[in-house]
Amino acid sequence: MSDSRKRHEALLYHAKPKPGKIEVVPTKKYATQHDLALAYSPGVAEPCLEIAKDKNNSYKYTSKGNLVAVISNGTAVLGLGDIGPDASKPVMEGKGVLFKIFADIDVFDIEVNETDVDKFIQIVKAIAPTFGGINLEDIKAPEAFEIERRLKAELDIPVMHDDQHGTAIISAAALKNAIEIANKDFSKVKIVVNGAGAAAISCTRLYLRLGAKTENIVMCDSKGVIRKDRENLTLEKAEFATSQDLHTLEEAMQNADVFIGLSQGNVVTPEMLLSMAKNPIVFAMANPVPEINYDLAIATRKDIIMATGRSDHPNQVNNVLGFPFIFRGALDVRATKINEEMKMAAVHALADLAKKSVPEQVNIVYDEVSLSFGKEYIIPKPFDPRLIYEIPPAIAKAAIESGVALEPITDWEKYREELMERSGSGRKEIRMIHNRAKSNIKRIVFAEADYLDVLKAAQRVHDEKIGLPILLGRKEVILALKEEIGFTADVPILDPKTDEEDDRRNRYGEAYWKSRQRKGRTLTEAKKLMRERNYFAAMMVNENEADALITGYSRPYPSVVRPILELIEKDRGISRVAACNLMITKQGPLFLADTTININPTAKDLIKITQMTSNLVKMFGMKPNVAMVSFSNFGSSKSESSQKISEAVAYIHRNYPNAVVDGEIQSDFALNPELLAKEFPFSKLNGKKVNVLIFPNLEAANITYKLFKEVHGADSIGPVILGLSKPVHVLQLGASVDEMVNMAALAAVDAQQREKNK
Ligand SMILES: NC(=O)C1=CN([C@@H]2O[C@H](COP(=O)(O)OP(=O)(O)OC[C@H]3O[C@@H](n4cnc5c(N)ncnc54)[C@H](OP(=O)(O)O)[C@@H]3O)[C@@H](O)[C@H]2O)C=CC1
Ligand SMILES: CC(=O)C(=O)O
Ligand SMILES: [Mg+2]
């Protein structure tokens, strides 16, 4: 995209459909006069009086505890310099967005027209009662140092100058990892820091705490190398003044191992990079234009480890990875400060996270095949969903241990769950299934492991200890893909077509033939069929050589379901199988059936589908509340489809009077308790939260589940086949890695359950 297109797009993004990026949203009901009498006068007086008695009550009755002020005077806005408070507002709104989306923290952005240090401090102190924390942003050095130091001392809520400490934490974590990858030693690396402002000084101080040596550091400002013989140095610059006979950045860069840029765009040349030591580490962090362009840098040196502050290249070293999570941890224990211990805990947590295997959704967001720790992935990506539950606990723990937490956490598991919920990545039900799968590891065959996404799912199942994957498919392809994605674990790989599997094929073929000999199959045919992956995999489960099977990623659903139904017996008492999808919606989990198997079920089929789905719901630890949906309500239409539903409902009511099942009912009545109570108070669903929808036919069910997925972005598990005697599940063609992992977890729990019921 051309520069003028980019500029136009950025302006349009900020201007339309509403100017700006953030708005205030009420968190309480405000629909009726009664609601307003609580929200405002007279009801509001009560919390006011409670807070007047004890100001700590503001954490109980107001949004203070989750509200952070992002405050700037616009004197050092990104690398744009002193552009003033008005012009800084888009950046401050942007920080507000990042606080919210990454850590569910609410923000008021406050742009202050004041450069005098005393007055600025006075203003911040005066507004501090509103907030649970204060994030100072884009305030230039040296004023930023005094402002932060005094506010920290004089306020009892966490105060952090993001450009100093957010940047220091992230860049220190990234540098720690880069040094490890480059096989260098923190105590020996020669570091050039370009810039001697708020960010540069704090970053360098933190590197010293990680083992860097003052004598190995050369710092430059806009006038060149900061030497001891320079006059009128600020205290902070004097801390890093060198006695080496160096004058320019160009001289300083010679043989340097590390370049840290926190200055201005385009001040580093390719020649300077070429003069650096072997395997140089270059963090060009000025925003929006780095000290040297990313592409130019990597074209100049093949051995470079390169990072910028931008999101459009690998290795984004930017404080966005820090401030949301640092404040989250601090607010959650009501820390009075953000201290050195908390910062160090964040450094190590971030550095360690980069070494763990990366969730698929991160690969998807960043359009990567497989991110893994190395030169182009030295630090986690901001959209990594693990940040919210890995970083704040580390910070909260450090706050508690260092004695600055007013409300220490004791139940860490619960806290982790809460953090997951905040990001929306929690999905309680899915986590519950994952956790249960982990409690008793089962062997899961992935019948199409020679497909990249299937292999990635198997890798996650292995790494997250959800199950023990057995990989089926073309062995050489699996081995090559395993190497590509860094799946190093030694797990079984079976190729049903090769001679190596002769033995198994013969055994499986014979067992299959025995069960089908009166249905027209010959032994030769049966053995030949075992070359086909789905037959082979299903027989593995039948013969108890695997506990569960996941297949269907690469072929149309019917062509996979057919052999499965031929090979796997139905459960006792089941004449027809069905399929259910669990959708994780904003209103909670919803089980939909039959989404993929019975095109036009009869009343009898609907009864069975309801029973099997209810059993699945119970497997998730929930009570089924079943609405049998239609286009009509309780007999309002005499159509064939409405009548078959009402027939099924009548049967269930007669034979299972305690089951919470009702219909036929329209889906809006089923899902809206107030509407239901008003119009159909007699319904068994009255006062219940419906979590199962049984549809009159496959068309309606299938369309609905796909609409949920596409329009609402609802996560799903399924289609789960109901009614088979073994945990065998067929994916929809092209299922995502997440869907496959969820399905594998469910299959494992299914296997555990059957083991228990034996
Ligand atoms: N990636 C990230 O997460 C972050 C990046 N940054 C970036 O770091 C830069 C500095 O921000 P911040 O510290 O807050 O600002 P400050 O205003 O506090 O400091 C700016 C510093 O840059 C120096 N400088 C300016 N031009 C040059 C030059 N040509 N060569 C060497 N030094 C120069 C100034 O020198 P002098 O002292 O002589 O005026 C000053 O020391 C900005 O580009 C900002 O975008 C900042 C925070 C986070
Ligand atoms: C990222 C940031 O805070 C800055 O560049 O100022
Ligand atoms: Mg900043």
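Which helices and which strand each supply at least two residues of the shell around ligand 1? In this predicted model, they are helix H8 (162-181), helix H9 (198-209) and strand E6 (217-221). H9 gives the most, with three residues.

Let's stay with ligand 1 for a moment. There are 29 residues around it, and the ones that come nearest are Gly79, Gly197, Asp221, Ala286 and Gly309. Sorted by class, that shell holds 13 nonpolar, twelve polar and four charged residues. Domain 1 (3-157) and domain 2 (165-317) both contribute to the shell, so ligand 1 sits between them.

Stepping back to the whole chain, the domain assignment gives domain 1 (3-157), domain 2 (165-317), domain 3 (323-426), domain 4 (435-567) and domain 5 (578-723). Going by C-alpha atoms, the centres of domain 3 and domain 5 are 39 Å apart.

Now for a helix pair. Helix H15 (residues 340-353) packs against helix H17 (residues 387-401) at an angle of about 150°, and 8 Å separate the axes. Angles over 145 degrees count as roughly antiparallel, so that is how H15 and H17 run relative to each other. The crossing is right-handed. From H15, the residues that meet H17 include Ala345, Ala346, Ala349 and Leu350; on the H17 side, Ile391, Ala394, Ile395 and Ala398 are among the partners. By class, this contact has eleven nonpolar, no polar and four charged residues.

Most residues other than glycine have a negative phi, and most peptide bonds are trans. These spots go the other way:

| Site | Backbone feature | Value |
|---|---|---|
| Ser41 to Pro42 | cis peptide bond | omega about 5° |
| Asn287 to Pro288 | cis peptide bond | omega near -5° |
| Lys465 | positive phi, not a glycine | phi about 55° |

Where do they sit? Pro42 is in the loop between helix H2 (33-39) and helix H3 (45-53). Lys465 belongs to the loop between helix H20 (452-463) and strand E12 (468-472).

Conventions. Residues numbered from 1 in each chain as written. Chains lettered and ligands numbered in written order. Predicted model: local features only at pLDDT ≥ 70, side-chain atom pairs only at ≥ 80, totals over all residues. Near = placed C-beta within 6 Å. Helix = DSSP H or I, 4+ residues; strand = E, 2+ residues; numbered from the N terminus. Nonpolar A, V, L, I, M, F, W, Y, C, P; charged D, E, K, R; others polar. Domains from an automatic or database assignment. Axes fitted to C-alpha atoms, helices over the stretch in contact; angles between N-to-C directions. Parallel < 35°, antiparallel > 145°, perpendicular 65-115°, else oblique. Left-handed = near helix turned anticlockwise from the far one by under 90°. Contact = placed C-beta atoms within 7 Å.
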